[in-house]
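Visitor: I would like to learn how to read a protein model, one feature after another. Could you guide me through the one shown here?

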Amino acid sequence: MESSVAPLERALHAARALVIADLVAGEVAEADVVSMVEESVVQRRWWVEQWPEGVEYVAGLVAQDVQDALLETYGRWPLCPVCGDGDPHALEVEPELGPDPHWVCHKAGVSVAPVGALGPALGSGESSS
């Protein structure tokens, strides 16, 4: 009975958790930012209901939605931890519409971390002080 809803709900909950993990790693998981995640999840629920085959793309899309919303209110996020010189720039989600999304630095041409696993790349979770 639960199985017809389960894949969509699992994907939405996983996307929410992955993006919030990256926000926490970047120390920007304030209440208003988490609300951006919730808004994206609501919108993406509708989107996947219209196009069920897109369920495996939800995590990358939620990450992009939050990144776009943050750009308007907070600034670029997440900042690239790879490039130490030059202007600060944000990582981008690749593929834009596909499974297994990663944060990528186009300037250096490297994949930095899967969506949801930015912590180690940003030095979060390890005591540095």
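This is a predicted model: local features need pLDDT of at least 70, side-chain atom pairs count only at pLDDT 80 or more; totals for chains, interfaces and linings use all residues.

Visitor: What span should helix H1 have, and how far apart are its end C-alpha atoms?

Guide: Helices (H or I, at least four residues) and strands (E, at least two) are DSSP runs, numbered from the N terminus. The expected span of a helix is 1.5 Å times one less than its number of residues. Helix H1 has 20 residues, 6–25, and should therefore span 28 Å, which agrees with the 28 Å between its end C-alpha atoms. Just after H1, Glu27 takes a positive phi of about 55 degrees.

Visitor: Which residues of H1 are buried, and what covers them?

Guide: Buried means under 20% relative accessible area, exposed means over 50%, and partly exposed lies in between, using a 1.4 Å probe and protein chains only. The buried residues of H1 include Leu8, Leu12, Val19, Ile20 and Leu23. Their cover includes helix H2 (31–50), helix H3 (58–73), strand S2 (102–105), strand S3 (110–114) and helix H4 (118–122). Ala21 also belongs to H1, but this residue counts as partly exposed because its relative accessible area is 33%.

Visitor: Which residues of the largest nonpolar core touch the most other members?

Guide: A nonpolar core is a set of buried Ala, Val, Leu, Ile, Met, Phe, Trp, Tyr and Cys residues joined through side-chain atoms within 4.5 Å. The largest one here has 29 residues, of which Val19, Leu23, Val37, Val62 and Trp103 touch the most other members. Two or more residues come from each of H1, H2, H3, S2 and S3, and H1 gives the most, with 7 residues. Contact means heavy atoms within 4.5 Å, and Val19, leaving aside neighbours within four places in sequence, is in contact with Val37, Ala59, Val62, Ala63, Val66 and Val115.

Visitor: In what order do the strands of the sheet lie?

Guide: Strands of a sheet pair through backbone hydrogen bonds, either parallel or antiparallel. Two strands are said to pair if DSSP finds at least two bridges between them. Here 3 strands form an open sheet in the order S1-S2-S3, with antiparallel pairing. The edge strands, S1 and S3, each pair on one side only. S1 and S2 are joined by 3 bridges, and Glu92 stands opposite Val104 in S2.

Visitor: Is Ser111 buried or partly exposed?

Guide: Ser111 lies in strand S3 and counts as partly exposed because its relative accessibility is 48%. Apart from neighbours within four places in sequence, Ser111 is in contact with His102, Trp103 and Val104.

Visitor: Where is His89 found, and what does its side chain reach?

Guide: His89 is found in the loop between H3 and strand S1 (92–94), and this residue counts as buried because its relative accessibility is 16%. A polar contact is a pair of N or O atoms within 3.5 Å; within protein, one must be able to donate a hydrogen and the other to accept it, and residues adjacent in sequence count only if both atoms are side-chain atoms. The side chain of His89 reaches the backbone oxygen of Asp87 at 3.2 Å.

Conventions
Residues are numbered from 1 along each chain as its sequence is written. Side-chain values use heavy atoms; hydrogens and water are left out.
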